[in-house]
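Subject: Structure handover

Hi,

Here is the structure for you to look over. My notes follow below it.

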Amino acid sequence: MSRICISLIGLYLILSPLAVRAQDLAAQYGTQSREAAQLLNRGIELVQSTDAAQGLQYIDRALSVDPSFQMAMYWQGLAYQEMGDMGKSLESYEKLYQSAAPGRTQMPVEGCFNAGVSSGQSGKLSESAIWLSRALTLDPEDQFGTAAKVYRNLAITLAQQKQFS
């Protein structure tokens with residue numbers, strides 16, 4: 001075999017797993033775009049390593065590639081929450097909620113839960129109850145196993161509002 005053939009085979013063997021990994025990420029994250037999945041993956045790494053502002057840039061780029069990318073909307077809300085910008089965090093969660101179809105994916109349910117807990121911690125109990133109720137509405141049969149934590153936090157919120165004792 002010629003050196004060129006051997007080099008091409010070697011290059012293929014090196015790059016093949018990267019292409020498969022990108023495709024796996026796209027499937028794992030629920031997008032058709034490998035580019036968006038890779039951008040989100042980098043953004044998640046940065047948010048988790050306490051550089052939420054830098055991570056948010058990657059997440060925003062992922063959303064520009066795939067505007068309906070629910071996992072990216074979820075992480076955008078988390079990044080803003082991490083940075084202390086509750087207004088923008090809730091906007092991201094609202095966009096995620098609006099993109100949801102009941103029972104289809106877990107991200108909108110988790111987004112509503114996060115928004116509910118964050119609102120409650122900020123003293124916005126009425127908003128908290130609405131967000132937590134939305135989480136229950138999106139997953140009425142507890143397909144994603146979130147009902148217990150949602151009901152628990154909803155009970156805490158309603159008790160703080162003195163709506164039941």
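A crossing is left-handed if the near helix is turned anticlockwise from the far one by less than a right angle, and right-handed if clockwise. Helices are DSSP runs (H or I, at least four residues), numbered from the N terminus.

This is a predicted model: local features need pLDDT of at least 70, side-chain atom pairs count only at pLDDT 80 or more, and totals for chains, interfaces and linings use all residues. Residues are numbered from 1 along each chain as its sequence is written, and side-chain values use heavy atoms, without hydrogens and water.

Helix pair. Helix 4 passes helix 5 in a left-handed crossing. The axes (lines fitted to C-alpha atoms over the stretch in contact) of helix 4 (residues 70-82) and helix 5 (residues 86-98) come within 7 Å and cross at roughly 165°. Angles run from 0 to 180 degrees between N-to-C directions. Helix 4 and helix 5 are therefore roughly antiparallel (over 145 degrees).

Positive phi. Most residues other than glycine have a negative phi. Thr 50 has phi near 70°. Thr 50 sits in the loop between helix 2 (34-48) and helix 3 (52-65). Its relative accessibility is 70%, so Thr 50 counts as exposed (over 50%; buried is under 20%, partly exposed in between; 1.4 Å probe, protein chains only). Asp 142 has phi near 55°. Asp 142 lies in the loop between helix 7 (125-138) and helix 8 (147-160). Asp 142 is partly exposed, at 32%.

Asn 41. This residue lies in helix 2. Asn 41 is buried, at 12%. Its C-alpha atom is 7.9 Å from that of Leu 25, 16 residues apart along the chain.

Best regards

Key. Helix = DSSP H or I, 4+ residues; strand = E, 2+ residues; numbered from the N terminus. Parallel < 35°, antiparallel > 145°, perpendicular 65-115°, else oblique.
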